[in-house]
Amino acid sequence: MSGRLDLVDLRRRRLRIRDAIGNDVQLDEVADLDAAGPLVGRQVTATGEAVLGSRGQVTTLVGARIEQFVMPDWEAPQVPEISGLQQAQHDVSGVDGIDEEEVAAFLDLIGR
């Protein structure tokens, strides 16, 4: 689980993560609380044993390990050049048997 780390209760070894869409997940029995402390207010990733709520959502991670979130280093995909490739030509002449007056009448009928 990744999100912003919030401080909840250090005596009970509990923290909380709020993800990007506003869901809160309780972190109970945090494994290395001293290392997690400086990460409060930052984006982190937590792993642990998930406890599910009544709707199947993760509500708690037990024994959570917390580390600073690191954005992956993505490279743009490379598209090979294909020699002799021409852009497709699309027929924009309309539908056979339908003229401009019929199109206008249809558009009037539907309120456009």
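This is a predicted model: local features need pLDDT of at least 70, side-chain atom pairs count only at pLDDT 80 or more; totals for chains, interfaces and linings use all residues.

Colleague: Why is Glu-29 called exposed?

Modeller: The relative accessible area of Glu-29 is 53%, and exposed means over 50%, so Glu-29 counts as exposed.

Colleague: What is phi of Glu-29, and what makes that value worth a remark?

Modeller: Phi is near 55 degrees, which is positive in a residue other than glycine. Most residues other than glycine have a negative phi.

Colleague: Why is Leu-7 called partly exposed?

Modeller: Leu-7 has 48% relative accessibility. Leu-7 belongs to strand S1, residues 2-9, and together with Leu-10 and Val-40 makes a nonpolar surface patch of about 240 Å².

Colleague: How do you know that S2 and S3 pair?

Modeller: Two strands pair if there are at least two bridges between them. Strand S2 (residues 14-18) and strand S3 (residues 24-28) have four, in the antiparallel sense, so they count as paired. Arg-16, for one, stands opposite Gln-26 in S3.

Colleague: Which strands make up the closed barrel, and in what order?

Modeller: Five strands, running S1-S2-S3-S5-S4 with mixed pairing. Neighbouring strands are turned by 45 degrees against each other on average, direction ignored.

Colleague: And which elements have the lowest and highest mean pLDDT?

Modeller: Helix H1 (residues 33-36) is lowest at 85, and strand S4 (residues 43-52) highest at 94. For the protein chain, the mean is 85, with 89% of residues reaching 70 or more.

Conventions. Residues are numbered from 1 along each chain as its sequence is written. Side-chain values use heavy atoms; hydrogens and water are left out. pLDDT is the predictor's confidence in each residue, from 0 to 100. Helices (H or I, at least four residues) and strands (E, at least two) are DSSP runs, numbered from the N terminus. Axes are lines fitted to C-alpha atoms, for helices over the stretch in contact, and angles run from 0 to 180 degrees between N-to-C directions. Buried means under 20% relative accessible area, exposed over 50%, partly exposed in between (1.4 Å probe, protein chains only). Patches are made of residues with over 30% relative accessible area and no salt bridge: like charges are joined within 9 Å, nonpolar side chains (Val, Leu, Ile, Met, Phe, Trp, Tyr) within 5 Å. Accessible areas come from the Shrake-Rupley method with a 1.4 Å probe; for residues, only the protein chains shown count as cover. A salt bridge is a side-chain nitrogen of Lys or Arg within 4 Å of a carboxyl oxygen of Asp or Glu.
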